[in-house]
Amino acid sequence: MKRRHITILAAMSLALCVAIALLWFDSKRNLAGIGLGISSTAIYGAIAHDGTLWLGVAYEQPRSFVNTVRRPIGAGDKFGPTVAGFGWMRDSNAYFLGLPFWMLLPAAAGLSIWLWRARPPKHAAGVCRRCGYDLRATPDRCPECGAAVTPAD
Ligand SMILES: [Zn+2]
């Protein structure tokens, strides 16, 4: 894969880290979720609540295709049971798996770092300056992007 694409992926996963951190912080006070009304009787999505991100399906009629909620956590909001933030919830109205933010944040951070370090070097000897393709077999022109290799390269 090209260096630029991996850089973009690394930036996206870094943005995911920030989003996870903000959602984690917010989940202590607010219940926030987004769900897709894929069928007329179920909403598939994710809900952040008290340090856990719940992924699953709620069996209720969607108001629209994209359904969002964000409100202060109320006494009636029951999720669980949970163990160290991991959880499960299964009843007649919902089926959810809970993943803790303390695990999601380092996982996303690790992905960012791994992607950043996996980028090919920018101007290594014997590779195309434009796309990073290996030019050892074709020293005059890059077979990947067509760039001519100048003597300065
Ligand atoms: Zn090239």
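**Entry 1. The two helices.** I looked up how helix H1 (residues 3-26) lies against helix H2 (residues 101-118) in this model, which is a predicted one. I found that the two axes come within 8 Å and cross at roughly 165 degrees. Angles over 145 degrees count as roughly antiparallel, and I therefore recorded H1 and H2 as roughly antiparallel to each other. I also noted the hand of the crossing: H1 passes H2 in a left-handed manner.

**Entry 2. The helix contact.** Which residues of H1 and H2 make the contact? On the side of H1, I listed Ile6, Leu9, Ala10, Ser13, Leu14, Leu16, Cys17, Ile20, Ala21 and Trp24. On the side of H2, I listed Phe101, Leu104, Leu105, Ala108, Ala109, Leu111, Ser112, Leu115, Trp116 and Ala118.

Entry 3. I next traced the strands. There are 7 of them in an open sheet, and I read their order as E4-E1-E2-E3-E7-E6-E5, with antiparallel pairing. Which strands form the edges? They are strand E4 (66-72) and strand E5 (82-83), each of which pairs on one side only. I checked where H2 meets this sheet: the helix packs on the sheet and touches strand E3 (52-58) and strand E7 (94-100). The direction of H2 makes about 60 degrees with that of E7.

**Entry 4. Pairs of strands.** I followed the pairing strand by strand. Strand E2 (residues 42-49) runs antiparallel to E3, and 7 bridges join the two. Within this pair, Ala46 stands opposite Leu55 in E3. The hairpin of E2 and E3 has 2 residues between the strands, and I noted that Asp50 takes a positive phi there, near 50 degrees. E3 is in turn joined to E7 by 7 bridges, again in an antiparallel arrangement. Here I found Trp54 opposite Gly98 in E7. At the edge strand E5, I counted 2 bridges to strand E6 (residues 86-90), and these two strands also run antiparallel. In that pair, Thr82 stands opposite Gly87 in E6.

**Entry 5. Domains.** Finally, I looked up the division of the chain. The assignment gives domain 1 (3-110) and domain 2 (126-153). How many Å separate the centres of domain 1 and domain 2? Taken over C-alpha atoms, the separation is 45 Å.

Definitions and conventions: Residues numbered from 1 in each chain as written. Predicted model: local features only at pLDDT ≥ 70, side-chain atom pairs only at ≥ 80, totals over all residues. Pairing = 2+ DSSP bridges. Helix = DSSP H or I, 4+ residues; strand = E, 2+ residues; numbered from the N terminus. Contact = placed C-beta atoms within 7 Å. Axes fitted to C-alpha atoms, helices over the stretch in contact; angles between N-to-C directions. Parallel < 35°, antiparallel > 145°, perpendicular 65-115°, else oblique. Left-handed = near helix turned anticlockwise from the far one by under 90°. Domains from an automatic or database assignment.
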